[in-house]
Amino acid sequence: MKTAREKLEIIFKPECMSATAALTTLIEIADRLGKSLEVAFDTTRVSAEEFRMRTELSGKWSHEIKLDDVTLAYGIVAPWEHCFISITQSIVGRSVDWVPWLKPFLWKPGFIQAWIADVDYNHWQNAEQPIEYKLSGRDHAHLPRISNGLPSPLEDMWIDISKNPGRRVLKKGYVEAVGDKMWLDRNFIARIGGINIERLRVAGWRVRMEEGGAIMAAPSGTFSEESATEHQQQLRTALYN
C-alpha cells in the first residue's frame, strides 16, 4: 500500500468556534509543539500574532497557514450551519501525530464531529467533473455519469459520485463523511437518528463510547484507494443508514 497524506477535519457549530477562536487555539497548539507559525501572502510574511489580530478585526480567516508538516485552514459553511477546521499533512511519508491537534477541540461546547481522511481518496471520491480526471491522466471511462442539471447549452455529463462510499454530503449542522478514525458528538449522533453499536461492530468498526460521544475506528487504510469498495460501503451503511 502506498504512503498516503492524511487530513484531520473538525466540525463545529459556527456560533461556538469563530475564526479568531480557532486561530488562537491552533497558535497555542503550534507553540506547544515548538512550531514556528507564519502566514505567507503574495509578497510578505506576517507573524502568527499579527495575523491573529487581523483576523480578530475582520472576523475572517481566508488564507491557509503552512507549517513545516501541516497546513491549517478554517471556514464557515453558513447555509449548512457549521464551520470547519482543516489540518492537512503537507509531506507524504512524514507522519503527523493528530492527538495534539485534536485534543484542545474534542468534546468542547459546539463540537460536532472530527475524522481523519486520506487526502487523495477523499478528493477522488468527490470529484465530479471529468476535466479533473483528464488533467491528472486518470481513466474515467468506466465511471457512471449523471447530468449536471443545467439547461442546454450548459448541460454536461458529470461523474456520478452518489454511490461512492467516501463521498462527503453536507447536512444541516454536520457532514456525512467517513474516515479511518472518527469522533462523533452526542448531538451528531442524535442528528443521524442514533447509532447501533452492535451493527457497527459487525460491519467492522471498533466503537468506544465516552461521555462526550463515540470514538470509532476502522483498520488503518480502510478508506483509501487501495481498499475494497464493498467493505467501505458496509462501514458507511452501518453508520448512516
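Biologist: How many residues of the lining of the largest pocket are nonpolar, how many polar and how many charged?

Modeller: The lining of the largest pocket divides into 8 nonpolar, 8 polar and 5 charged residues (Ala, Val, Leu, Ile, Met, Phe, Trp, Tyr, Cys and Pro count as nonpolar, Asp, Glu, Lys and Arg as charged, and the others, Gly among them, as polar). This is a predicted model, in which local features need pLDDT of at least 70 and side-chain atom pairs pLDDT 80 or more, while totals for chains, interfaces and linings use all residues. Residues are numbered from 1 along each chain as its sequence is written, and side-chain values use heavy atoms, without hydrogens or water.

The largest pocket has a volume of about 400 Å³ (a pocket is an open set of points on a 1 Å grid where a 1.4 Å probe fits, with protein on both sides within 12 Å along at least five of seven lines, and lining residues have an atom within 4 Å of a point; the volume is the space filled by probe spheres set on the points). Of its 21 lining residues, Trp 124, Gln 125, His 142, Leu 143 and Asn 164 are the closest to the centre. Two helices, α4 (119-125) and α8 (229-240), each supply at least two residues of this lining (helices are DSSP runs of H or I with at least four residues, strands runs of E with at least two).

The second largest pocket holds about 280 Å³ of space, and among its 16 lining residues Leu 102, Lys 181, Trp 183, Arg 208 and Ile 215 come closest to the centre. Two or more residues of this second lining are given by each of α3 (99-102), β12 (181-185), β13 and β14 (213-217). In the second largest pocket the lining divides into 11 nonpolar and 5 charged residues, with no polar ones.

The loop between β14 and α8 contains Thr 222. Thr 222 is buried, with a relative accessible area of 4% (buried means under 20%, with a 1.4 Å probe and protein chains only).

Notes. Buried means under 20% relative accessible area, exposed over 50%, partly exposed in between (1.4 Å probe, protein chains only).
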